[in-house]
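Here is a friendly walk through one protein model. Keep the picture open as you read.

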Amino acid sequence: MDRLIYLDNAATTKTAPEVVEAMLPYFTENYGNPSSVYGFAAKNKEAVTKQREEIAKVLGVLPKEIYFTAGGSEADNWALKAAAECCGAKGNHIITTKIEHHAILHTAQYLEKRGFEVTYLDVDEDGVVDLDGLRAAIRPTTILISVMFANNEIGTLQPIREIGEIAKEKGILFHTDAVQAFGQVPISADECHIDMLSASGHKLNGPKGIGFLYIRTGVKIRSFVHGGAQERKRRAGTENVPGIIGIGTAVKRAGDTMAERAKKETELRDYLIGRVLNEIPYTKLNGHPKKRLPNNANFSFRFVEGESLLIMLDMKGICASSGSACTSGSLDPSHVLLAIGLPHEIAHGSLRLTLSDETTKEEIDYVVDCLKEIVSHLREMSPLYEDFVKKNQA
Ligand SMILES: *Cc1c(COP(=O)(O)O)cnc(C)c1O
């Protein structure tokens, strides 16, 4: 295959060369354990502190409020499980949404088995949480609201500031899974009244296996991994120094280039959406038309099977996804597409294309040309499409 067009940046991103370069010495030269007393290792403690500061700056929080984890899933697990355990005296009710990542949904289900009650909020047809529905769901026993900042499948951005205001007014802890949004859109933890926020390195051109949980000062959350005194005794384990250098460098890079990247990607995304909707009939855009991540496009093609579409795109060198990387391999349609009200057969014909700052217009044109050809080819083989055409001609 002579070309590769990578449009699956919501699944993972390429580690930026400058990120790799910054990490390398921490494998081979500066490999000391930051907890050791001698200078050779102790300077790695400073290096870790510096990265914590870079990340805190982008989020508008204090460095000591950033706790490194082994990724977004761990941060999500920590936020939910620890909040549940620590607020048990106040109540046993948690509010989240039907469109969360499985790192939240499966953790919520785990807590339900242990006596917690969970409300999964509905979303509208664009994937936006209804604030009145949220207000109505709040009980005296509600201890935590967890709503993702941006959805990983359809890209919809949530009214996080309004949700934060409601949580604050009611004295309820507020967590947001910002794994997709952090580094792509500006986030101020203070303005949005966020108490806890999850993020991950590999979704923003950093390395895999490193992320962080922001925990606002004063929030009483138990430690997640017991052992040594790392991460202010809340998350034990020798620091992943190269990973921390990697995520810090990636976050700084994302912060410095955010506005310019968002502008470029939004233009290209809208060009892609325009071409697909205009040139491929019986196609729908999923997610909010405007309030969405700059790099996300998600379509449903009627009379088409998403898996076949992915395989045929792969043969043309195009990497895409039908739902989230985590649901592929199962035959169930995505829980997100069902939650926005798509019927099963339409949810099955969905395609997610997520751009990077390296994506070009020429690549988008090639992808749309391939899509036109593949969709019409698949439709020609579909008995449902044949029936539909006959009916329309009658
Ligand atoms: C990718 C992702 C996660 C999981 O992050 P990992 O670092 O891969 O564990 C959690 N939430 C959302 C919204 C994601 O997109």
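## Helices 3 and 8

Let's begin with a pair of helices. Helix 3 (residues 39-59) and helix 8 (residues 241-279) cross at roughly 30°, and their axes come within 9 Å. Helices here are DSSP runs of H or I with at least four residues, numbered from the N terminus. Axes are lines fitted to C-alpha atoms over the stretch in contact, with angles from 0 to 180 degrees between N-to-C directions. Helix 3 and helix 8 are therefore roughly parallel to each other, a label for angles under 35 degrees.

Which residues of helix 3 and helix 8 make the contact? From helix 3 they include Ala47, Val48 and Gln51, and from helix 8 they include Val241, Ile244 and Ile245; contact means heavy atoms within 4.5 Å.

## About the model

This is a predicted model, where local features need pLDDT of at least 70 and side-chain atom pairs count only at pLDDT 80 or more, while totals for chains, interfaces and linings use all residues. Residues are numbered from 1 along each chain as its sequence is written, and side-chain values use heavy atoms, leaving out hydrogens and water.

## Helices 4 and 5

Helix 4 (residues 72-86) packs with helix 5 (residues 102-113) at an angle of about 30°, and their axes are 9 Å apart. That makes helix 4 roughly parallel to helix 5. Among the residues that meet are Ser73 and Asp76 in helix 4, and Ala103 and Ile104 in helix 5.

## Around the ligand

The ligand is surrounded by 13 residues (each with a heavy atom within 4 Å), and Ser73 is one of the closest. A polar side-chain atom of serine 73 lies 2.7 Å from a ligand oxygen atom.

Key
Helix = DSSP H or I, 4+ residues; strand = E, 2+ residues; numbered from the N terminus. Parallel < 35°, antiparallel > 145°, perpendicular 65-115°, else oblique. Polar contact = N/O pair within 3.5 Å; in protein donor to acceptor, adjacent residues only side chain to side chain.
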